[in-house]
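Subject: Structure handover

Hello,

Here is the structure I promised to pass on. Please have it open while you read the notes below.

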Amino acid sequence: MDLTVGPNFFFWEAETIRSFYRDLAATPVARVALGELVCSKRLPFWRDEIPAAIEVLQAAGKEVALTTLALLTLRRERKITADLMDLDLPVEVNDLSALVQIPEGRPFWVGPLVNVYNEGTLRWLIRRDARRICLPPELTLDSVAVLAGAGRDEGVPVEVWGHGRLPLAISARCYHARLHDRAKDSCQFVCGKDPDGRDVDTMDGQQFLTVNGVQTLSQSTASMALKIDDLHSAGVAALRLSPQSRNFDDICIAYASRLGGETSGAALAARLRPLVPGGNLSDGFLSGPAGAAWSGERMGKPN
Amino acid sequence: MMELVCPAGTPAALRAAVEAGAHAVYCGFADETNARNFPGLNFTPEDMAEAVAFAHARGAKVLVAINTFPRAGAEPLWHRALANAEAAGADAVILADIGLLAHAAERHPLLRRHLSVQAAAANPDAINLYANAFGVRRVVLPRVLTVQEIAAINREIDVETEVFVFGGLCVMAEGRCSLSSYATGKSPNMNGVCSPASHVAYSEEGGELAARLGGFTIHRTPEGEPAPYPTLCKGCFSSDGQTGHIFEDPVSLDATQLIPELARAGASALKIEGRQRSRAYVAQVVRTFRAAVEAQAAGQPMPENMLARLTEGQKATIGAYAKTWR
Amino acid sequence: MTAPLPRLPRPLRLAALPLPLPPLSLFLGAVTRRMSKSHPEMIRRLGDYAGHRFLIDPVDLPWLLLLHPANATMTAHRRARPPAHDARIAGSLSAFLAMMHGAEDGDALFFSRDLSVEGDTAAVLALRNAVDDAELDLTEEVAALSGPLAAPLRGLLGGAERATGLTLHRMTRLDDFA
């Protein structure tokens, strides 16, 4: 198993992005998917950083892919998707409709926001030229094992969500703007104020969700720290680590250390907890009872 | 006349819908193959065959929803549902999963395929992809499109469109939402339930009714106020000092007044949400909307809303059909 | 706005007070057994929930009713001593009868708080769906138990329905929904 870094979900400034990818190039991750996944309105502010990021990552021997948006609705977003084909890089599809822009025979990746729940769907995508598939975070270990096995039979690596606030839902409505009493059209880019999203708690003060523009995330950070052996047995090819605004390099190095057998799952979890926003870890999608659950000892803030 | 597509959670509700004037009814089998897999609801294969016979004798169609995403290693359950729907004489199946669509197109080519709203096909490219790859003949459009967007979509596709006019609103891209399974372990995609009753707990606390889902507090309702079911995205939450319905208010959709515009936008069919509702709900709602589509066909104005008591939170909205919703 | 649900008239409520429980339980048991027999699909629909104990709490009557579908029993209990149960549904008698007979939608009754639920919510949902599909008719079930008295009893129940506003028989398409 190795490490993939997924696209950053949040709206960061250009300089932040520049130093993020420069620092990431020095970490032991195998490949990076990057690009704007959440909101096309953000692109003009940081798209100029993309060529430099690709260059610095490739120079460090990392494979790079470009992601589509997660929810394609507007006409102009078709052109944004088409433009991704210009560079000679794999495209990661996070909205199925982007497939119509990918010519037959041109390989692509399938991201975690596409519904790949069973062998039939997996095989259809592979026949259509998918070369790498990241499964939806919601899947149980049993399903992961079946799909990783089916992928291996077809020679296609299957990844799972390894670290990061979980993408739980996406909408045409911008919840960040709504919290500031605005609509998506006149949002004034308020999502830029929250580099790891804006927290949403229950009325009883339970830490619950996080809003990031049109996306709803978990407030807890999912981590497969305690599940590495299970995932390895299941035939998973890589863990996907999702960017957060701080400590991400340390996080990548910590996971690499675990994959290399240099540390235990419990030690990794203990290392991660103070490094993630909000300090709560979860892994309940994989082995129950619910996504928010954590299979290890619960320490820190009560949920 | 626009086709009125009506929900049937039980055989009794199906009979009520047909007798109230439904052109088509949609229903599911009593297992996780459909997205309303609630206790006590839905049809056995025998129920389904009887229901189809009943509906066909009265000139109505039956559409069978097999719209969850088959579980890895358990695809035969969904394949059997397709076979049972065809054997019962269903007029169409409503599907969302790529693997299942491919299987249906290959093994049941004569069984009409509709695309469920759970496929979240929100643009012409998505719809054409499903139409070309799997021979889908109709698509149920997500509830988050404006009337203008619906008109634009219809200009670029050849398949029929079916749009929601009444009932519960889903504010996230459907079939791509894991909010429910984050809190409870059960999701609409995998298990056919959202915010399942099995994980709901009500508790009277200090003059308020607290409604919790999977242990997370979704609503606190003072004595005497209407008590919404704790559907996760309709909850009352707080963020950085603000408290309210961060995602959506617990209101439901009533787009009666927009029926003429939806017709002009090219929609072929109107869908009423509510398979989990009683036969009383179904009879009243279907009767009202049948009158509305007849009025529409005759060029007459839409009837005034008489359905306030049945809508969630007892308030209605035209939802995303108006652009300001975003 | 539709008219509010009728509350049981005072004289009827007072008349109900001293009714001894054992005969009441016998009567309810007989009706429940009959309903079970004539609607086997209702028990099937309940699935695992058929073995649950449902406490029906008609707030305008002095008793609680415990329903055990698998055993086809319904027993009456004094309000002061509620029996062990898996779920409790509370509401006015008219709300229960309206829901049972398809005159009112169960969800609407919960929104408006004419009915409330405690305990196993999924079990209550299963019961509600099973009862809704079964298209029960209290008048017919009681009449079926009454042999030669069936016809006059139907008339009496019809009169009671008109006088009290309670729904005592199954609503069909021929009836006028509120």
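First, a term: two residues are in contact if their C-beta atoms, placed from the backbone, lie within 7 Å. This is a predicted model, in which local features need pLDDT of at least 70, side-chain atom pairs count only at pLDDT 80 or more, and totals for chains, interfaces and linings use all residues. Residues are numbered from 1 along each chain as its sequence is written, while chains are lettered from A and ligands numbered from 1 in the order in which they are written.

**How the chains meet**

Chain A and chain C do not touch. Their nearest C-alpha atoms are 18 Å apart. Two pairs of chains are in contact, and chains A and B share the most contacts.

**Chain C against chain B**

Here 31 residues of chain C contact 29 residues of chain B. On the chain C side, two or more residues each come from helix 3 (40-46), helix 5 (106-111), strand 5 (115-119) and helix 6 (121-134). Helix 6 of chain C gives the largest share, nine residues. Helices (H or I, at least four residues) and strands (E, at least two) are DSSP runs, numbered from the N terminus.

**Inside chain B**

The domain assignment gives domain 1 (3-169 + 251-325) and domain 2 (179-244) of chain B. Such bounds come from an automatic or database domain assignment. The centres of the two domains of chain B, taken over C-alpha atoms, are 26 Å apart. Twelve residues of domain 1 of chain B are in contact with eight of domain 2 of chain B.

Best wishes
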